[in-house]
Amino acid sequence: FFQRTLTAVKSWFTLFGWSKGQNPISVPHSLRRDVCIVQLTVAQEKNFKRNVDKDKGFYEMVLHLNGQPIPGIAASQSLSTNPVDRMFQLHWQHSELLSFLRSQGASLSHVMPEFLLAPEDYKLWTEVNTGLRVGSMRSSGKLSGTPIFILEHRTFETMSKRAWTDVLLQIYKVLVLPRVSSRIVPDPSSLESLHNMPGIKSEPLCSNVYSRYERAVLIWLNKQYEKNRKIVWKDSQRGGIPPTRWIVNFDQDLLDGLVLAAQVAAYCPYLIPTHFIKMYTNPRTHEQLLHNSLVLVKALHSIHLDVDIKV
């Protein structure tokens, strides 16, 4: 499950996370690397092998998605060449990032700033906090009171990958999903067949699972599906017009492909006779579900909407 989630996260941020086109990312390696870029002096640049694109840094991505910089953190900043000073600067930046995201509603209480560091910086952090390095900042009181988690290398890499994945998911939740506008939701009175169906409320405290923006998308899915199911499959030879359904989640209710097909057909009706009419409207076997998924993915590829969705 986590691997599939990670794959989906990488695909979305690679395609849509940047202001100037696609930029492949790896979690956590490229993210940790891009926040650790040190702007070297001219004399040092001779030995600096990596060609850095200043528009492809992690905080450039956050700037693009947020619309403005995180308070106190510039998208492009120089870091100290001293390893310990750089580690503390990165730890502070990660602390500010997490604080900012939490202030926007992100659920990140389980992610510590040190989990976002590179392995070599995390090793420095543990040495400083356990007093193995002379001049420990913990002894001066600057880090006192904070919990310490000393992890071995393999455990740290697992924790770091999970932490960065959760940070990206929460960035999507608090910076991207809020762009969903209630104006996309049709007037309920415009669909008589929905009058007897339980509604989905978009008020903030109506669900402990989905945010108000996710519920707005669910409302949109319900209205669009009910509006289009009789249009898309009116001539279906594989089950006829599918029945009304109540779409309340993003997993079980979308498994047969019909809901997503109805959304795509609303914007690309020319796909109905070439693709969607071939779908089973009451699939009962794994083979029929697979068939519907194949039809849907082929339809997405035919309009060049290649978001790397696997059948």
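How are helix 3 and helix 4 oriented to each other: roughly parallel or roughly perpendicular? The views below, taken from a predicted model, start with that pair.

**View 1. Packing of helix 3 against helix 4 in the predicted model.** Helix 3 spans residues 58–66 and helix 4 spans residues 83–103. They pack at an angle of about 20°, with axes 13 Å apart. Angles under 35 degrees count as roughly parallel, so helix 3 and helix 4 are roughly parallel to each other. Their crossing is left-handed.

**View 2. Residues at the contact of helix 3 with helix 4.** Helix 3 brings Phe58, Tyr59 and Asn66. Helix 4 meets them with Gln93, His94, Leu97 and Phe100. By type, the contact residues comprise 4 nonpolar, 3 polar and no charged.

**View 3. The largest nonpolar core.** This core has 32 residues. Phe13, Phe58, Leu101, Val167, Leu168 and Ile171 have the most contacts inside it. Helix 1 (2–16), helix 3, helix 4 and helix 6 (153–176) each supply at least two of its residues. Helix 6 gives the most, with 8 residues.

**View 4. Surroundings of Leu168.** Neighbours within four places in sequence are left aside. Leu168 then contacts Val9, Phe13, Ile25, Val27, Leu31, Phe58 and Met61. Another core, of 25 residues, lies apart from the largest one. Among its members are Val232, Ala262, Val264 and Leu296.

**View 5. Helix 8 and its packing partners.** Helix 8 covers residues 258–267; 7 of its 10 residues are buried, so it is largely enclosed by the rest of the structure. The buried residues are Leu258, Val259, Ala261, Ala262, Gln263, Val264 and Ala265. They pack against helix 7 (212–232), helix 9 (271–274) and helix 10 (286–302).

Technical notes
Residues numbered from 1 in each chain as written. Predicted model: local features only at pLDDT ≥ 70, side-chain atom pairs only at ≥ 80, totals over all residues. Heavy atoms only, no water. Axes fitted to C-alpha atoms, helices over the stretch in contact; angles between N-to-C directions. Helix = DSSP H or I, 4+ residues; strand = E, 2+ residues; numbered from the N terminus. Parallel < 35°, antiparallel > 145°, perpendicular 65-115°, else oblique. Left-handed = near helix turned anticlockwise from the far one by under 90°. Contact = heavy atoms within 4.5 Å. Nonpolar A, V, L, I, M, F, W, Y, C, P; charged D, E, K, R; others polar. Buried < 20%, exposed > 50% of the residue type's maximum accessible area, 1.4 Å probe, protein only. Core = buried A, V, L, I, M, F, W, Y, C linked by side-chain atoms within 4.5 Å.
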